[in-house]
Amino acid sequence: MIDQNIPHPWLVTRIYRFYRDGFRQMTVGRTLWKLIFLKLFIMFAVLKLFFFPNFLATKFTTDVQRADYVIEQLTQSAPGLVQPVKGE
């Protein structure tokens with residue numbers, strides 16, 4: 001009995017060849033892919049340097065201080081939030 005969930009090896013090979021041949025024959029697409037990668041680089045590398053400084057490294061000197069601050073921020077309740085009383 002053949003399992004229907006597993007694709008046939010020839011199908012995977014055909015799909016791979018389809019994309020391989022398509023990327024080889026691209027002309028305008030290569031330029032578009034270069035623009036996409038350039039945009040991703042700008043978004044993740046350059047913008048991080050200017051807009052997302054390392055807050056914990058600038059405020060605390062040791063890893064223990066950083067860990068304590070993060071735990072405190074994660075476990076403190078939101079302002080105005082009423083804690084349920086045990087037994088209700």
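A residue counts as partly exposed when its relative accessible area lies between the limit for buried, under 20%, and the limit for exposed, over 50%. Phenylalanine 23, at 41% relative accessibility, is therefore partly exposed. The model described here is a predicted one.

**Overall layout**

The protein chain contains four helices and zero strands. Read from the N terminus, its elements follow the order α-α-α-α. The chain has 88 residues, and 2% of them count as buried.

Helix α2 covers residues 28-51, which is 24 residues. From the first C-alpha of α2 to the last is 33 Å, close to the 34 Å expected at 1.5 Å a residue. At isoleucine 42, α2 bends by about 30°.

**Aromatic pairs**

There are five aromatic pairs in the structure. In one of them, phenylalanine 18 and tyrosine 19 have ring centres 5.3 Å apart and planes at 80°, so this pair is edge-to-face. Phenylalanine 18 is exposed at 59% relative accessibility, while tyrosine 19 is partly exposed at 48%.

Another pair joins phenylalanine 23 and tryptophan 33; the centres are 6.2 Å apart and the planes stand at 55°, so the pair is tilted. Because phenylalanine 23 belongs to helix α1 (residues 9-24) and tryptophan 33 to helix α2, the pair ties together parts that are 10 residues apart in sequence. Tryptophan 33 is partly exposed, with a relative accessible area of 38%. Ring pairs also bring in Phe37, giving a cluster of Phe23, Trp33 and Phe37.

**Salt bridges**

The structure has two salt bridges.

| Residues | N to O distance |
|---|---|
| arginine 20 and aspartate 21 | 3.4 Å |
| aspartate 63 and arginine 66 | 2.7 Å |

In the bridge between arginine 20 and aspartate 21, arginine 20 has a relative accessible area of 29% and is partly exposed. Aspartate 21 is partly exposed too, at 33% relative accessibility.

Where do aspartate 63 and arginine 66 sit relative to each other in helix α4? These two residues are three apart in α4 (residues 63-75), so about one helical turn separates them. Aspartate 63 counts as exposed, at 60% relative accessibility. Arginine 66 has a relative accessible area of 21%, and the limit for buried is under 20%, so arginine 66 counts as partly exposed.

How values were computed. Residues are numbered from 1 along each chain as its sequence is written. This is a predicted model: local features need pLDDT of at least 70, side-chain atom pairs count only at pLDDT 80 or more; totals for chains, interfaces and linings use all residues. Side-chain values use heavy atoms; hydrogens and water are left out. The expected span of a helix is 1.5 Å times one less than its number of residues. The bend at a residue is the angle between axes fitted to the seven residues ending there and the seven starting there. Buried means under 20% relative accessible area, exposed over 50%, partly exposed in between (1.4 Å probe, protein chains only). A salt bridge is a side-chain nitrogen of Lys or Arg within 4 Å of a carboxyl oxygen of Asp or Glu. Rings of Phe, Tyr and Trp (its six-membered ring) pair if their centres lie within 6.5 Å; planes under 30 degrees apart count as stacked, over 60 as edge-to-face and the rest as tilted.
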